[in-house]
Amino acid sequence: MRRPFKWGNEYSVKVDSLDEQHKYFFDLTNQILTLLEHPHNPHLKERLILLIVKLGRYAFFHLDFEEDCMSRYACPGLVAHREIHEAYRNKVINYLRRVREEGADLFKLAEEAAEFSQDWLSGHILSKDREYIDCLEKNDVE
Ligand SMILES: [Fe+2]
């Protein structure tokens with residue numbers, strides 16, 4: 001099992017609201033990984049379902065919020081950025097579908113959702129999200 005994701009300044013997009021959302025997103029993935037370290041927890045199944053759904057819903061909220069910010073200030077690259085978000089949204093839809101399947105291996109699904117999301121978001125922040133920093137900073141977006 002991997003270690004919890006640790007936030008560092010290199011992940012800052014210089015917009016407080018977006019940094020806070022990114023941190024909370026990572027926090028949810030860490031909560032999933034922490035739960036998986038205690039496989040004998042009697043409420044494991046319910047808690048995993050809850051957290052996977054929470055992560056999925058938060059992902060939708062956050063990606064929409066970010067796109068709205070970019071759109072409001074007419075930041076360049078929105079169409080391409082949205083397409084990249086869309087690919088991740090499809091992953092989330094897949095997790096949310098699988099979580100409802102009878103006999104789903106929740107342990108495996110939760111691990112996959114948490115690890116994939118950490119990798120995806122950390123890589124995404126360091127590459128694509130970086131591209132809107134100038135635009136949002138110029139407009140004093142907090
Ligand atoms: Fe993004």
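This is a predicted model: local features need pLDDT of at least 70, side-chain atom pairs count only at pLDDT 80 or more; totals for chains, interfaces and linings use all residues.

Student: Is Ala 74 buried or exposed?
Tutor: Exposed, because it has 9 other C-beta atoms within 10 Å, and the cut-off for exposed is 12 or fewer.

Student: What about the phi of Ala 74?
Tutor: Phi is positive there, about 50°, although Ala 74 is not a glycine. Most residues other than glycine have a negative phi.

Student: Left-handed or right-handed?
Tutor: The crossing of helix 2 and helix 3 is left-handed.

Student: Which residues meet there?
Tutor: On helix 2 they include Ile 49, Ile 52, Val 53, Gly 56 and Met 70. On helix 3 they include Leu 78, His 81, Tyr 88, Val 92 and Tyr 95. The residues of this contact of helix 2 with helix 3 divide into 13 nonpolar, four polar and three charged.

Student: Tell me about Met 70. Buried or exposed?
Tutor: Met 70, in helix 2, counts as buried because it has 22 C-beta neighbours inside 10 Å. The cut-off for buried is 20 or more.

Student: What does Met 70 touch?
Tutor: Leave out residues up to four places away in sequence. Then Met 70 touches Cys 75, Leu 78, His 81 and Tyr 132.

Student: How far is Met 70 from Cys 135?
Tutor: They are 65 residues apart in sequence. In space they are 8.1 Å apart, C-alpha to C-alpha.

Student: Now helix 3 itself. What span should it have?
Tutor: At 1.5 Å a residue, the 23 residues of helix 3 should span 33 Å. The end C-alpha atoms of helix 3 are 33 Å apart, so the two agree.

Student: Which residues of helix 3 are buried?
Tutor: His 81, Val 92 and Tyr 95. What covers them includes helix 2 and helix 4, which is 106-127.

Student: How do helix 3 and helix 4 run relative to each other?
Tutor: Their axes come within 11 Å and cross at roughly 170°. Helix 3 and helix 4 are therefore roughly antiparallel to each other.

Student: Who makes that contact?
Tutor: From helix 3, Ile 84, Tyr 88, Lys 91, Tyr 95, Arg 98 and Val 99. From helix 4, Leu 109, Ala 113, Phe 116, Trp 120 and His 124. The residues of the contact of helix 3 with helix 4 divide into eight nonpolar, one polar and two charged.

Student: What is Ile 84 in contact with?
Tutor: His 124 and Lys 128, leaving aside neighbours within four places in sequence. Ile 84 counts as partly exposed because it has 16 C-beta neighbours inside 10 Å.

Student: How far is Ile 84 from Phe 5?
Tutor: In space, 22 Å from C-alpha to C-alpha. In sequence, they are 79 residues apart.

Student: New topic. How do helix 1 and helix 4 cross?
Tutor: At roughly 150°, with axes that come within 9 Å. Helix 1 and helix 4 are therefore roughly antiparallel to each other. Their crossing is left-handed.

Student: Which residues meet there?
Tutor: Helix 1 brings His 22, Phe 25, Phe 26, Thr 29, Ile 32, Leu 33 and Leu 36. Among those in helix 4 are Phe 107, Ala 110, Glu 111, Leu 121 and Ile 125. The residues of the contact of helix 1 with helix 4 divide into 11 nonpolar, four polar and one charged.

Student: Last one. Is Ser 127 buried or exposed?
Tutor: Ser 127, in helix 4, counts as exposed because it has 10 C-beta neighbours inside 10 Å. Ser 127 and Pro 39 are 35 Å apart in space, C-alpha to C-alpha.

Note on methods
Residues are numbered from 1 along each chain as its sequence is written. A crossing is left-handed if the near helix is turned anticlockwise from the far one by less than a right angle, and right-handed if clockwise. Helices (H or I, at least four residues) and strands (E, at least two) are DSSP runs, numbered from the N terminus. Two residues are in contact if their C-beta atoms, placed from the backbone, lie within 7 Å. Ala, Val, Leu, Ile, Met, Phe, Trp, Tyr, Cys and Pro count as nonpolar, Asp, Glu, Lys and Arg as charged, and the others, Gly among them, as polar. The expected span of a helix is 1.5 Å times one less than its number of residues. Axes are lines fitted to C-alpha atoms, for helices over the stretch in contact, and angles run from 0 to 180 degrees between N-to-C directions. Angles under 35 degrees count as roughly parallel, over 145 as roughly antiparallel, 65 to 115 as roughly perpendicular and the rest as oblique.
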